[in-house]
Amino acid sequence: MPISSFIHKNQIPNEEALVLALGKTHDLWKMIQTEVNLCAADAKPEWHYSGVKFGWSYRIKDKKRVIIYLLPRDQYFKVAFVFGQKATDSIMNSTIHNQIKTTLQEAKVYAEGRGIRIDIKEASLIEDVKKLILIKINH
C-alpha cells in the first residue's frame, strides 16, 4: 500500500509541496475541497499526521465528524470516507458507480461504519465523489 507523499512528522505539507506531489491531479484535489466547502460552509480543513506508517493526510471536518479524508500519493491522491448504515443504504440506492458500491459493500463494518478509499488519478470519478460528499453531510 503506497503511503503518503509526505512522511516527515516535522514537515507539515504546504501548497507548493502539494502541487509537486499531486501533479496534474492537484486541480481535482482543489475541486473536491471546493465542493465540501460549498456543501458544508462550517467545515474546517486540517493536516493530520498518522505516524511513520501512514504519514500526513488532509481531512475536512464539520463540528461532529470528518466529512472526507484526502490522502496524497505520488502524482495522484485517494479520497476516503467512513459511512454509517443510513448513508450506506443511501449510496446503494443511488446512481453512484457500481464499483464504488461493491467496494462499500465489501468493506469491513466497524462501530463508526464502513470505510472506503477511492484512487483519484483522473476526473472520471469526481461526480461520484461529489455525491458521496452530499450523502456524508446529509447522514
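The largest pocket holds about 340 Å³ of space. Here a pocket is an open set of points on a 1 Å grid over the protein atoms alone, where a 1.4 Å probe fits, with protein on both sides within 12 Å along at least five of seven lines; points are joined across faces, edges and corners, and the volume is the space filled by probe spheres set on them. This is a predicted model, in which local features need pLDDT of at least 70 and side-chain atom pairs count only at pLDDT 80 or more, while totals for chains, interfaces and linings use all residues. Residues are numbered from 1 along each chain as its sequence is written, and side-chain values use heavy atoms, without hydrogens and water.

At least two lining residues come from each of strands E2 (56-61), E3 (66-73), E4 (76-83) and E6 (113-120); strands are DSSP runs of E with at least two residues, and helices are runs of H or I with at least four, numbered from the N terminus. The lining comprises ten nonpolar, six polar and three charged residues, with Ala, Val, Leu, Ile, Met, Phe, Trp, Tyr, Cys and Pro counted as nonpolar, Asp, Glu, Lys and Arg as charged, and the others, Gly among them, as polar.

Turning to the helices, H1 (residues 15-22) packs against H2 (residues 26-39) at an angle of about 120°, their axes 8 Å apart. Axes are lines fitted to C-alpha atoms over the stretch in contact, and angles run from 0 to 180 degrees between N-to-C directions. Glu15, Leu18, Val19 and Leu22 of H1 meet His26, Trp29 and Lys30 of H2, with heavy atoms within 4.5 Å.

Note on methods. On a 1 Å grid over the protein atoms alone, a cavity is a set of points where a 1.4 Å probe fits but cannot get out, and a pocket is an open set with protein on both sides within 12 Å along at least five of seven lines; lining residues have an atom within 4 Å of a point.
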